[in-house]
Amino acid sequence: MKKLLILLLVASAYSCKTAQSTVSKDNSDPTKYVNVIKEKDLKKMLYIIASDEMEGRDTGSKGQKKAGKYMIEQYKKNGVSFPKGASDYYQAIPASYLNAKRNKNLPDSENIWAFIEGTEKPDEVLVISAHYDHIGIKNGEIYNGADDDGSGTVAVIEMAKAFTKAKKQGHGPKRSILFLHVTGEEHGLHGSRFYSENPLFPIANTIADINIDMIGRRDVEHANSNNYVYVIGADRLSSDLHNAVVAQNEKYIKMDLDYKFNNPKDPNHFYERSDHYNFAKHGIPSVFLFNGVHADYHGKDDTAEKIEYDALTKRTKLAFVIAWDLANRENRPVVDKK
Ligand SMILES: [Zn+2]
């Protein structure tokens, strides 16, 4: 009996050793990497992205381009490359495209993208999106857009940092992840529409979009607590996506998920009002994380000082654990609804 046990132990130790080189590591628990997301890093980046220097990041403006350069610097510093098949971090969008629907004389602009290649299913791609443009300068006042959508911008950069650390330690996502900062949102969701019409990776291989637009503040409905987020769209195309959001939140984050704006009859129609919609309309399961509107929405006082950094951090972590599940789960989320 004893001898047999020893033999079994030796055999199992040997099989573990071979397993490490041939079978991918267990990615069931994101805890170690969700903790790579740090409030102080989100805050530091957001104070820069939403600073007066970026002049409100209007589409195609000097300030937006400056913000874009800063974002790319963060990716380089964190060791996150631009996508396979692209020649740099930019997806150029010509002015003619931006002005085709309604001519506002917008100059050329760019989406910005970064990428982590999947270890097992590299051809299947999860998109994590947030717009980095805002509304610029009006009557001499700079509209900093810290919440809209500086908050989503820094969340996406920070998530890429955490996934990169996981990959360096042998726990890279099994599917590929495209970190997509779209332009032209405030003028009509142009950047995400351009991407969806000119995708770097086939739409058919795009398994889901997690879109983050405004996650650093609270609305009057939640005056007593910032421990919530509105979840919009998750169940419109895929029960799997909805279930993943619910399960990952319950397991790791424990935040109130508010579905009020997911009601198709809600008069605000937020489902149609941010960038995930350009993925959803192509049949890609999409979820929009959002804190709701507040007094400074599209106002000159949407500034970095007014962000609730604890809420921004917790919601970024929620987006991360959802992304972790989608990138690592056995099967991509099934589209089972029309
Ligand atoms: Zn926005």
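Student: What makes the radius of gyration of the protein chain agree with a compact globule?
Tutor: The radius of gyration is taken over C-alpha atoms, and the globule rule is 2.2 Å times the number of residues to the power 0.38. With 338 residues, a compact globule would be near 20 Å; the protein chain has 21 Å, so the two agree. Along its principal axes, the C-alpha trace spans about 85 × 45 × 40 Å.
Tutor: Note that this is a predicted model: local features need pLDDT of at least 70, side-chain atom pairs count only at pLDDT 80 or more, and totals for chains, interfaces and linings use all residues. Residues are numbered from 1 along each chain as its sequence is written.

Student: Why is I157 called buried?
Tutor: A residue is buried if 20 or more other C-beta atoms lie within 10 Å of its own, exposed if 12 or fewer, and partly exposed in between; C-beta atoms are placed from the backbone. I157 has 28 within 10 Å, so I157 is buried. Of the 338 residues of the protein chain, 50% count as buried.

Student: Where does I157 sit, and what does I157 touch?
Tutor: I157 is in helix α6, residues 146-168. Helices (H or I, at least four residues) and strands (E, at least two) are DSSP runs, numbered from the N terminus. Leaving out residues up to four places away in sequence, I157 touches M45, M71, Q74 and Y75. Contact here puts the two C-beta atoms, placed from the backbone, within 7 Å.

Student: How many contacts in the protein chain join residues at least 24 apart?
Tutor: The share is 82%, among contacts between residues at least 6 apart in sequence.

Student: What is the strand order of the open sheet?
Tutor: The 8 strands run β1-β2-β6-β3-β7-β10-β8-β9, with mixed pairing.

Student: Why do β1 and β9 stand at the edges?
Tutor: β1 (90-93) and β9 (256-258) each have a single partner strand, so one side of each lacks a neighbour in the sheet. Neighbouring strands of this sheet are turned by 25 degrees against each other on average, direction ignored.

Student: How do you know that β1 and β2 pair?
Tutor: Pairing requires DSSP to find at least two bridges between two strands. β1 and β2 are joined by 4 bridges and run antiparallel. One link sets Y90 against its bridge partner I112 in β2. β1 also has a covered face, Q91 and I93, and an uncovered one, Y90 and A92.

Student: What joins β2 to β6?
Tutor: Strands β2 (109-116) and β6 (175-182) pair in the antiparallel sense over 5 bridges. F115 stands opposite L178 in β6.

Student: Which strands does α6 lie across?
Tutor: α6 lies across β2, β3 (121-131), β6 and β7, at about 150 degrees to β3. Axes are lines fitted to C-alpha atoms, for helices over the stretch in contact, and angles run from 0 to 180 degrees between N-to-C directions.

Student: How do you know that the reach of α9 is close to the expected one?
Tutor: The expected span is 1.5 Å times one less than the number of residues. α9 (239-253) has 15 residues; the expected value is 21 Å, and α9 reaches 20 Å from first C-alpha to last. Its buried residues are D240, L241, H242, A244, V245 and Q248. They pack against β7, β8, α8, β10 and α11. Just after α9, K254 takes a positive phi of about 60 degrees.
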